[in-house]
Each structure stands twice: as C-alpha cells, then as structure tokens.
Amino acid sequence: MSNPQRKRNFQIEAFKHKVVVDPKYADKTWKILEHAIHEIYNHNASGLSFEELYRNAYNMVLHKYGEKLYTGLVATMTAHLKDISKSIEDAQGGLFLEELNRKWNDHNKALQMIRDILMYMDRTFIQSTRKTPVHELGLILWRDNVIYSSKIRTRLLDTLLELVLRERTGEVINRGLMRNIIKMLMDLGSSVYQEEFEQPFLEVSAEFYKGESQKFIECCDCGEYLKKAERRLNEEMERVTHYLDAKSEAKITNVVEKEMIANHMLALVHMENSGLVNMLLDDKYEDLGRMYNLFRRVSNGLSTVRDVMTSHIREIGKQLVTDPERLKDPVEFVQRLLDEKDKYDKIISSAFNNDKTFQNALNSSFEYFINLNARSPEFISLFVDDKLRKGLKGVSEEDVEVILDKVMMLFRYLQEKDVFEKYYKQHLAKRLLSGKTVSDDAERSLIVKLKTECGYQFTSKLEGMFTDMKTSQDTMQGFYASHPELGEGPTLTVQVLTTGSWPTQPSVTCNLPAEMSALCEKFRSYYLGTHTGRRLSWQTNMGTADIKATFGKGQKHELNVSTYQMCVLMLFNNSDRLSYKEIEQATEIPASDLKRCLQSLACVKGKNVLRKEPMSKDIGEDDAFFVNDKFTSKFYKVKIGTVVAQKESEPEKQETRQRVEEDRKPQIEAAVVRIMKSRRVLDHNNIIMEVTKQLQSRFLANPTEIKKRIESLIERDFLERDNVDRKLYRYLA
Amino acid sequence: MMGVQRDRVRFNVGGKTFETTSTTLANAGRNSFFGALFDENWNLQPMNSNSELFIDRNPDCFAVLLDLLRTGELYIPPNVPEKLLCREAQFYGVLDHVRAAKWGQFDGNRLRLSRSITGPAPGDGTAIRAGPDGGCCVAHGSMVHVYDWIMEEHPPINLDFQRVNDAGWIDSESIVISACERLGTGDGGMGLFSSSAGELRSKFQVSHGDQIKSYTAGALAFSPDCKIFSSCKGRSNEYGVGVWDQITGKQIDFFYEMPGWSLGDADKLQWLNGYNCLLVATLFPRKDNCYISLLDFREKNMVWSWSDIGALTTFDEKRVRDAIAMEGSSSICVVNEYEDLGFMDLRSAAASVRWSSRSRLMSGKMSDEPCFPKLALHEGQLFSSMSDCISVFSGSDWVLTSRLRRGFGGSICDFSIGGDRLFALHSEKNVFDIWETPPTSVL
C-alpha cells in the first residue's frame, strides 16, 4: 500500500467501491421493498409511500443490485402464492371457485402495484438481461404455484366441467364467476387454457353428446331430433359467448356436429315415416330448413340430403311420365310436371337457402325423367297449344309470361328440342290458319323466348309464319280493291304460305265447287300478276268456310266447316241423295280425309247436318248420304268440327318421327363439315363428341347416325379416311 | 371552491417547489413514475393547498422535464448536462419523451450536423449502421462499437480477431454481425449479439447436405417477415446466399451460386418487398466484373440480372461501385467513382445502364485518398456519398437538392440512415457525424 504507483491505482478504484460499497445498504433496502410487498398482499398498502419505494428499487438497480432485487421478488412472490394456494385449497365445496377468483383479483392488483414500484428494473435491468418482465413473471408464478398445485389442478377442472354439465341439464349456474375463472386461464396463456380446460372440456362434451344423441335417435322422429340438435348447438355457441374463449366456438360446435349430426346422418335421412322423403312429400319447410342448416355444417351432409332428394324426385318423376293413365291427357300431364317443379322450387327456396347445387340436382332430375318419355316434346307443345287457344283468356299479361316461362323451363330439359319444334310448328300453323290463337302478343313472346334459348335458326320459320299471315291480309285487301265487282257472291280469303315455313304436306287439291274455283282462278291471276316468278298451289286440306244453309222447316244456320266439308255440302245443293262413291268422285278428296269429314257431318250428335244410311258410327264405302232436314240447333252459327285426334295417332307419330330423323341428317352433316373444316384431321371419337356437343341445344345426336353421316360424307368426297390410321378422318377442301 | 383547480399538484423536488396539474403529468403515460403515482391503487392522500409531495431528485432536471411534459418541447439550459437530464428522465420513465423531442422526422433536405463522435479505434472503419431508435454501431476490423441514442458507448462487441464484414440491427437490443472465417479455425460466420452487453447470444449455422459447415458471411439484408439474408462463402466452394429465421435462428434456405455468376462474394444485399425478391450486387473491385441480380427464393430463380462482362473497359469511370434498387420507379440506381448516377430498368430483361450526365459533380477533382461512393434510399430521397460529402437527390428526376459536408475528417467511407438520423463514418480519423432534422418548434 505504500507503493506510490499502487496508490494511484487505488484512487481510481476507490470511486468505484464507493458506489457498490455497503452490503448492508442493499439488504436494508431490500427489506423495505420486501415489507412493502407483504403489505400489498395483506391489503395494507395505504401506509406505503410510492415515491420512497420507487426510489429504493431504483437505487438497488443503479447500484447493481438488480439481480438481488429480482431473485428477492421471485422468492417473496412465490411464498405469498404458496399461502394463497393453501387458502384456496381449504375453501369448502362451492366456495372453491369464489375463493380462487377473489385471490386472483388480489394477486392481479398486487402485481400491478409491485410492477409500479419495480418499473425502473422492468425498463432497464430486465431488458438488458433478457429476464421475464414483472407482469409476466407474476402470471407464471401464479400458474406454477396455484393452478398447477396438485390439490387445485384436478379440482378446478372437475368443478368447471361439473358446472358445464349442470348447465347442460338445465340448472342455472353463476356464469359471471365462470367467465372470470376462464378469463384467468386465458390470461395465463392460450396453452394453459387449452390444457387445463378446453381439451378435457371437448372430450367430456363429445362423450355427453354421444350418449344423448343415442338416446334421442331411439325415441324421437327426425324432425324432433333435428330440433333438439339445433337447440344444443345454439346452447353451445351461447356458452362460448358467455364465458369461453371465442376460439373455442369452432371446436365445440365441431364436437356437437360430429356427435349429433355426422354420426347419425344416414339414420336421420332415412328415418322411417319421418325422414327426408316424408318431409319432402309433406312439404315440411321448417324441418327441411333445419335439416339443411344442420347438415350443411358437416362434411358430406348436404350431398347426402341432395342425393336422397334427387333419387326421390327421379322416382316420382319416372312414375309420372310412364304412368299410362297420365298419358291420356297431355295438358294434365304437363300441368303435373309443372306442379311438381313448383313444389320443389318452393322447397329449395324456402328450406334449402336457394342452394345452387340443389337447384342443379333438381334440374338434372327433371331432365332425366322428362326424356324418359319420348312424347314429352309433343305434350309440351300441346300444352302450349291448349293455353294459347283458350287457356289464357282473362289472364293478365304478367301471368301469361309466368306460364310461358314455366313452359320454357320444361323445354330446356328436353333433349330432342327439334321434335318439339316440329310439333310446335304444326300446332302453331293450325292456330294461325284457324284464327284460334288467343293472343298474338303471347305467341310472339314465346317465339322470342325460344329464340333467346335456341338461336335465330330455331325460330326463323316460325317467324316466317307470322309474316305470311300479315302479308296475306294486305294481299287480300289489294285483291278486293282491284276487283270491285266481287262484292256479290262468295268471299274468298287466301292465306299465302311460303313453302318450307309451314308444315305442309304435298296434298292433292280437291275439286272445288264451280263458284269457288272461278274465284280462286281470279285470285291466282291477280297474285301472279303482282308477284313474278311464284307458283301457287292450293292447300284445300287446311282451309275453312262459312256457308249459309236452309233446312227442311226453313230454319237458317250459318255453318262453320272445313274446305273439304264445304265441298261435300255444296254437292247437296243439286241432289238430295249421294252415295259415298259419288261424293268421292265429285270431290276427289283423299279417302281418309273424306271419311273423317263425312263422319263429322253425319255422325256427331247436334252437328249432324247430313243423314246417312245405314245409321252407324263409321263411314262405309257403300253408305248413302242425305241432307238432314230435321237438323236443329239453338244457335244460329254452328261449328262443325272435324274429327281430329288431338294427340297423334300411332302411324302419325311414326311419320313425325321419321320426318324429324330426316331433318336431322343435314344438320349432323353440316356439323361434321363445320368441325372438320376447322380441325382438318380428327379421330372418330372426338368427332362424335364434338358433333354431339354442337347439336346439344337442338337434339341428342345418335352416334350410329353420326357414323352413317360421316360415311355418306366420305362417299361424297367431303372427307377421307387416313391411310395409316383408319380411325382418323381428313377434311378434303 | 370556485376558481380552485381540483387537479393541482405541488411537488418538492430536491428542495425546490413545483406546482403543476395531474393533467400535465398524465402526458407522461401510465408506464411512468407519474402514471403509477396517480393510480388509484396508490391511494394518494387528497391534496390540500399546503401539502406537497417530496421527490428526492435533481430540481433543475425536473424543471426541464416538467416543461417537456407541458409543451412537448425540449429546452436544455446550459447548466444542465444532457447526460444528467437523460439519467433523470430514465428515473421518471420519460426517456422516450426526451428522445422524441430531441430531433424531428427525417428529411434529407433539412439535416443539421448534431454531433461528431471520435471513437477509440485507429481509423479504417468498415461500416456504420443506424439502429432503430437513434443509436448506431461502428465496425472496425474485428470490433464493433455500439452507441445508444444518447451516444453513450456500450461494451464493445469483440469478434476475437475475426474481420467484420457487415452488421445490422434486428431491434434496439440485438445486432447481427457477419464475419470472415479465419483460415484453419473453422469459426467466422454470423452471430446475434446483445447491443447493451456486447455478448454473443447465438450463432447462425449453415449446413450443406445435413452437415454444418464453417463459412465467411458477407453482406447482410433483412426482410419484414423476419428473415435474415447473407452472402456466404463456404470452404468447399459452397457459395451463395443463405436465409435464416430471425426468431428461431434456424437456416431456412440457401440459394447456390451458379457457374459464371457471383453471389457468395456480394457487396450488397437488399430485400425488395414488393417484388418478393432479393437484390444481390457483387461489384468492382471485389471482382473484376460487376454482377447485379434479383433472386426469387420461392422458385429458386434469377428473375433479373445485369453484368458488365464484355463491356468496354476503356472508360473506367463507367465501373459500377454501388447499386440500390428503387421499387417505386422499378429501377436500379448505380454510381461510379466519379459520382455519376446511372439507372437501369427492372422491367426490361436486357437492361443497360443509362448514365445521367446531370449528376456528374466531381469530374477532374479527385481527393487524394478516395473512398468508393455509397448509395442509400430513404422515403423517396436518394443519398450518395463521395469524398467528404453526401449529396441528396429528390423528386422523380432525382435532382440534387442538398449536400452534407463537414469539412474535416477525410473521406466518408460509409453512412447509414435510421431512427430519423443519418450517421456518416469518416475513413481517416476515427470519427462519425450525426445528422438530424431539427424538431418542429411551437413558435
């Protein structure tokens, strides 16, 4: 020490020592702080000076006693928490949770105050040494000394789970206390919440709902079961909002969904007398809606519901379209389809949330069974015919649109749209020529709909028919204006029909009465004079006539008849009795038509302006006909209908079918050529696929037919087979 | 009671009386001495006009801090040393308030030289890096000196004679340092150090084929999703760019260098968040040629690249000495040793440098001991260091708007912007400058 050099060094170190010097100082300061912590835990803090405690803690850190302060804090707090743990353990029965909650609140308050005192340590010493900050430390010590205490841990879990069970069985529990305790577990970290409560809670819940669902499924019907499941689900969600972590919602609802729905899905759907099919049959919107909303929550739930619904609709639909009873009345047939569609539309919209996949399932089911019956296109056209002839009278414009839209919807399901077109054309032609259509607007509206659905090509001929009607009116005006002398005598109304637009059959013109044929000749020369390069041929099988007749007792009637009928009746102006052979010779009407026409004139009660010998229902070749002088009718105008089968007869059906097939041929060929023109080379399967796709909007092309068309195109040098690969076709430009 | 303010508070600080309101003190925030003092837990005796609260602290500093809480402005009278004030602010827990009031939001065109600090190392600084809260670290050889925002020096980081290549801040407590591997020792690489204690916390390992290998870590870059990138040179030619997770410290990726290109020697890495790519630039004279590329780690793809291989080298002023990507204008800015700025379009695959003649400032007059120019980008302002000054370019056309020059200390070898401060390190004397934007005044 006497060494002067040493002395110099000593001076420098002396300053350092002065700061760290008195070890008693550190102990004394810590005693003050330790005492303060005791007082805080003992609710006796009012006598403490914050400023003094803060300064003391500051000084300890400043004088490098941070470590001492920190370890002291850990020890003191741990000791207090052990005492606290003891008092919680000692709490009797129901008071356990309340004591735990009270002590937790005390600890939190104390922790806040301790942190205030030790703020400087928190900020400096703890940061630079990377120790656990005071608040976090307080939570960890609480967790380790209280929650993980062997006498508290399982008791806490059991108590919480029992309270949940009691609430599930209808008891009222203290939710506020429950919320506080759960909040404490979450404050201690999400892993503490999960391990100490959530995980066991989910397991116990699964067990509970497994048992309950088993009980319910044995004693409840489907609707009742779903009601109970829904209530349970809502209860669990409510429980989460009241006192659990929001993140638990998905987990607990998952448990309920699995145990109550997913595990019993098939049993519920197929439950006898109350399952899905019964709900559908009885339009149980509420039950169906509930089923939808519950099943939506589990995987494969909705597809299960959808599959059962689909097979049910297909079953019902198949019965509907194949029941021979139903086929007797096409209008009723289509109406039943529409009713069925309405029923399921309503179910989907009011119970199935307008789910697109259900709508698609409904559509595909309808498409499936409507096409099971080859006559569906015809029937749908007949339904429209019926509606447009009489059904729409007195119906508002909006309602007309609704009906037409529904028809269009059925039309969309048809695979053979061209067959529909064929029938529609026939029916439309009849309506137009007989002037029977109720509303021009409705007719046109439907054509516009067809056009938007199938394109211009589909409706161009139908539109041509309307144009012809309009042009014919103008032509007739022009004809009579240029022939003023025709005021007297019979009136001729000619409808000039463009060949191709109308469903005309090549028919033999019958012999018209002289008066008429003269008039017709005049019209012919007028028409050909105004239009060059045209040819007129009379379709006497399609016309009508109004003729005045005077019967035996002088009573007069105006008869509304077909052109054929007129020709027959006019013969009786010159003779009283005519045999079948004579009539056939004079008129040259084709035998089948003539027979039908005579039948309607002589055999229909109330309309029998002719009398026949012998009296019988059918027309024989040896029959004789007389004017029925005894004919009476309370109406002045009498409409003599032709006996027509509203539905097509079997041979007619065959004929229409054949015509449809014939019309398809050029369309298939055109499609093949279009595709090959762009692809140049293509194999057989792909051609079939593309042609089918292209023609889908009109009809379902038959692969054998396509093959035939391709062969025909090869013959005509549009295509050739590849020399190497016989499955390949090449386009020949 | 009329006219008596209920929230008046009287303090006796170290013998001097102060009167203020609890409203003013509430500006300090709950996590301060005052916030705790007034918390209801502490059950402060209701004030009457005579009672006062004693605080055993320096009254002069209290006056300054009380004024700071009242106005938000910091005025330090000449008789109060700044260090003393900061110590007192630390006591009350309002140090952040002091820092926030000391300098304003960074603006390259309003910078004032605030201080110059002379460090202990004998010159030849490697790098200076600004910390997130106004501190900085300076790398010299195998030492890194760390300063907090008060410019108080912390215990230095000693790399045990491994040469430091780069450094970077993860947060105000942690610094990543990359170092050279010394031959035959198997050390080097990259480590995470405590900024306040200077201790090594963890090392970042590189493994190739499941084997941990020693390596030399070069330039560093950080991405907002907590990744660290470093150029790496392994001993068995395992060159490339490594990627680590900041939190776990684990290596998560490695982009191997392909033949004919340079990644492991890179001078500069820059993470481009909008492109989800890393800019890697290896420059003359570390290599004979310059290689700049953009790496996409997801596809292990070099999505953009440029090199001066094959370019005419007769005009040596066209050698690129630093590069920086500017995402806003989809371009890369480069600089040569005459401080000519050049630009490359990131959107064109075959990019070429478009030299800007306007930026040429130095033609002819080179200082005796030149430092290579460096570039930095901050909030739409471009900074370029050259000799003893830093130029600031602003606007979409990068017009020269300001120059920062102190006049002594020699050339600037590195500079860094962060924590609303610019730090410039001089090469000759071991000195660095702190540039700040003055705080906006109430007046």
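Author: Strand 31 of chain B and strand 32 (residues 421–426) of chain B run antiparallel, joined by 6 bridges. Keep in mind that this is a predicted model, where local features need pLDDT of at least 70, side-chain atom pairs count only at pLDDT 80 or more, and totals for chains, interfaces and linings use all residues. Residues are numbered from 1 along each chain as its sequence is written, chains are lettered from A and ligands numbered from 1 in the order in which they are written, and side-chain values use heavy atoms, with hydrogens and water left out.

Reader: What makes strand 31 of chain B and strand 32 of chain B a pair?

Author: Two strands pair if DSSP finds at least two bridges between them. Here 6 bridges join strand 31 to strand 32 of chain B, so they pass. For instance, B:Ser416 stands opposite B:Phe423 in strand 32 of chain B. As for the word "strand", it is a DSSP run of E with at least two residues, while a helix is a run of H or I with at least four, both numbered from the N terminus.

Reader: Which sheet holds strand 31 of chain B, and what makes a strand an edge strand?

Author: It's an open sheet of 4 strands in chain B, in the order 4-33-32-31, with antiparallel pairing. Strand 4 (112–118) and strand 31 (412–418) of chain B are the edge strands, as each pairs on one side only. Neighbouring strands of this sheet are turned by 20° against each other on average, direction ignored.

Reader: Why are helix 3 and helix 4 of chain B called roughly perpendicular?

Author: Axes are lines fitted to C-alpha atoms, for helices over the stretch in contact, and angles run from 0 to 180 degrees between N-to-C directions. Helix 3 (residues 59–71) and helix 4 (residues 82–92) of chain B pack at about 70°, with their axes 10 Å apart. Angles under 35 degrees count as roughly parallel, over 145 as roughly antiparallel, 65 to 115 as roughly perpendicular and the rest as oblique. That is why helix 3 and helix 4 of chain B count as roughly perpendicular.

Reader: Which residues meet where helix 3 and helix 4 of chain B pack?

Author: On helix 3 of chain B they include B:Cys61 and B:Phe62, and on helix 4 of chain B they include B:Leu84 and B:Tyr92. Contact means heavy atoms within 4.5 Å.

Reader: How do you know that A:Cys603 is in no disulfide?

Author: A disulfide is a pair of cysteine sulfur atoms within 2.5 Å. The structure holds 0 disulfides over all chains. For A:Cys603, the nearest cysteine sulfur, that of A:Cys597, is 11 Å away, so A:Cys603 is in no disulfide. B:Cys180 is in none either: the nearest cysteine sulfur, that of B:Cys232, is 12 Å away.

Reader: Is B:Cys180 buried or exposed?

Author: Buried means under 20% relative accessible area, exposed over 50%, partly exposed in between (1.4 Å probe, protein chains only). B:Cys180 has 16% relative accessibility, so it counts as buried.

Reader: What makes strand 24 of chain B mostly covered?

Author: In strand 24 (residues 331–335) of chain B, 5 of its 5 residues are buried. B:Ser331, B:Cys333 and B:Val335 lie on one side, with B:Ile332 and B:Val334 on the other.

Reader: How many bridges link strand 24 of chain B to strand 25 of chain B?

Author: There are 5, in the antiparallel sense. The two strands form a hairpin with 5 residues between them, and B:Glu339 in the turn has a positive phi of about 60°.
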